[in-house]
Amino acid sequence: MELTFEDALRIARGCTDYGGGHRSNPEHYEIYQHGIQTVISALTAASKTGLEDMQTRALHAMGANAMYPAKPAE
């Protein structure tokens, strides 16, 4: 199954309802919500302009260079 920008936006919007496990800490919850809104804004811009927008291009480059923790052996 191949996902689309609309799928990614739907997932990100769902994260706003989820709350990231921070509902019991108002400060962390607000920070989490701000972060998710940033993701939604970036995906929305990318769906409209691709990599033509400088901010979207920068986020795309940072994502390509992000270090992900290794998955634990199963």
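Me: Against which helices do the buried residues of α2 pack?

Reply: Residues are numbered from 1 along each chain as its sequence is written, and side-chain values rest on heavy atoms, with hydrogens and water left out. Helices are DSSP runs of H or I with at least four residues, numbered from the N terminus, and contact means heavy atoms within 4.5 Å. Y32, Q33, I36, I40 and A46 are buried in α2 (under 20% relative accessible area, with exposed over 50% and partly exposed in between, for a 1.4 Å probe and protein chains only), and the helices against which the buried residues of α2 pack are α1 and α3.

Me: Which element has the lowest mean pLDDT in the protein chain?

Reply: The protein chain as a whole has a mean pLDDT of 84, with 91% of its residues reaching 70 or more. Where pLDDT is low, the predicted coordinates should not be read in detail. Among the elements, the highest mean, 90, belongs to helix α2 (residues 26–49), and the lowest, 85, belongs to α3.

Me: What distance does α2 reach from its first C-alpha to its last?

Reply: The expected span of a helix is 1.5 Å times one less than its number of residues. For α1, which has 14 residues, the reach of 20 Å is close to the expected 20 Å, and for α3 (residues 54–65), which has 12 residues, the reach of 17 Å is close to the expected 16 Å. Helix α2 has 24 residues and an expected span of 34 Å, and its reach is close to that value, at 34 Å.

Me: Which residues does Q33 touch, not counting residues up to four places away in sequence?

Reply: Q33 is found in helix α2, and it counts as buried because its relative accessible area is 18%. Its C-alpha atom is separated by 14 Å from that of I11, which is 22 residues apart along the chain. Beyond four places in sequence, the residues that Q33 touches are C15, T16 and G19.

Me: Is T56 buried or exposed?

Reply: T56 lies in helix α3 and, leaving aside neighbours within four places in sequence, is in contact with A42, A45, A46, G50 and L51. One of these, A45, lies in helix α2 and is partly exposed, with 24% relative accessibility. T56, by contrast, has 7% relative accessibility and therefore counts as buried.

Me: Which residue forms a salt bridge with R13?

Reply: A salt bridge is a side-chain nitrogen of Lys or Arg within 4 Å of a carboxyl oxygen of Asp or Glu, and the structure holds one. Side chains of opposite charge can pair when their charged atoms come close. R13 is partly exposed, at 40% relative accessible area, and E6, which is found in helix α1, is likewise partly exposed, at 41%. The closest N and O atoms of the pair are 3.7 Å apart, and the partner of R13 is E6.

Me: Which residue caps the N-terminal end of α3?

Reply: A polar contact is a pair of N or O atoms within 3.5 Å; within protein, one must be able to donate a hydrogen and the other to accept it, and residues adjacent in sequence count only if both atoms are side-chain atoms. At the start of α1, a side-chain oxygen of T4 comes to within 3.3 Å of the backbone nitrogen of E6, and at the start of α2 a side-chain oxygen of N25 comes to within 3.1 Å of the backbone nitrogen of E27. For α3, a side-chain oxygen lies 3.3 Å from the backbone nitrogen of Q55, and the capping residue is D53.

Me: Which residue with a positive phi follows α2?

Reply: Just after α1, G19 takes a positive phi of about 85°. After α2 there is a residue whose phi is positive, near 60°, and that residue is G50.

Definitions and conventions. This is a predicted model: local features need pLDDT of at least 70, side-chain atom pairs count only at pLDDT 80 or more; totals for chains, interfaces and linings use all residues. Helices (H or I, at least four residues) and strands (E, at least two) are DSSP runs, numbered from the N terminus. pLDDT is the predictor's confidence in each residue, from 0 to 100.
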